Amino acid sequence: MASKYSSDTARTEIDVQKAFQVAKEVMQAKGCSQSIAEEVAFHLINSDKSGVESHGIWRILQYAEYYDSGYLKAGVQPELLKNQRGAW
């Protein structure tokens, strides 16, 4: 999937809480639990606030496409596993 990010894209300023709520609602609409949706929204907002727009709130559109295409699967809980050699 090609990136849609461009530093030349027109910007619209919105309140941080509104952006968080919209991102959370999109993730939940794609089937994510409230806790996963909030975690994703928090990290996207934090990226923007830290000046890393390429990994910020605009990615919510890409994530929605990933769920629609089946590339990401909603309704699951990530799990960290250790392999036989001890690597995570």
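Reader: In which helix is Glu25 found?

Author: Helices are DSSP runs of H or I with at least four residues, strands are runs of E with at least two, and both are numbered from the N terminus. In this predicted model, Glu25 is found in helix α1, which covers residues 16-29. Residues are numbered from 1 along each chain as its sequence is written, and side-chain values use heavy atoms, with hydrogens and water left out. Because the model is predicted, local features need pLDDT of at least 70 and side-chain atom pairs count only at pLDDT 80 or more, while totals for chains, interfaces and linings use all residues.

Reader: Why does Glu25 count as partly exposed?

Author: Buried means under 20% relative accessible area, exposed means over 50%, and partly exposed lies in between, with a 1.4 Å probe and protein chains only. Glu25 has a relative accessibility of 45%, and therefore counts as partly exposed. From C-alpha to C-alpha, Glu25 is 16 Å from Gly56 in space, and the two are 31 residues apart in sequence.

Reader: How many helices and strands does the protein chain have?

Author: The protein chain has 3 helices and 0 strands, and along the sequence they give the pattern α-α-α. Its C-alpha atoms fill a box of roughly 50 × 25 × 25 Å along the principal axes, and buried residues make up 23% of its 88 residues.

Reader: Which residues lie nearest the centre of the second largest pocket?

Author: On a 1 Å grid over the protein atoms alone, a pocket is an open set of points where a 1.4 Å probe fits, with protein on both sides within 12 Å along at least five of seven lines, and lining residues have an atom within 4 Å of a point. Here 14 residues line the second largest pocket, and Cys32, Ile36, Tyr67, Lys73 and Val76 lie nearest its centre. Two or more lining residues come from each of α2 (34-49) and α3 (59-69).
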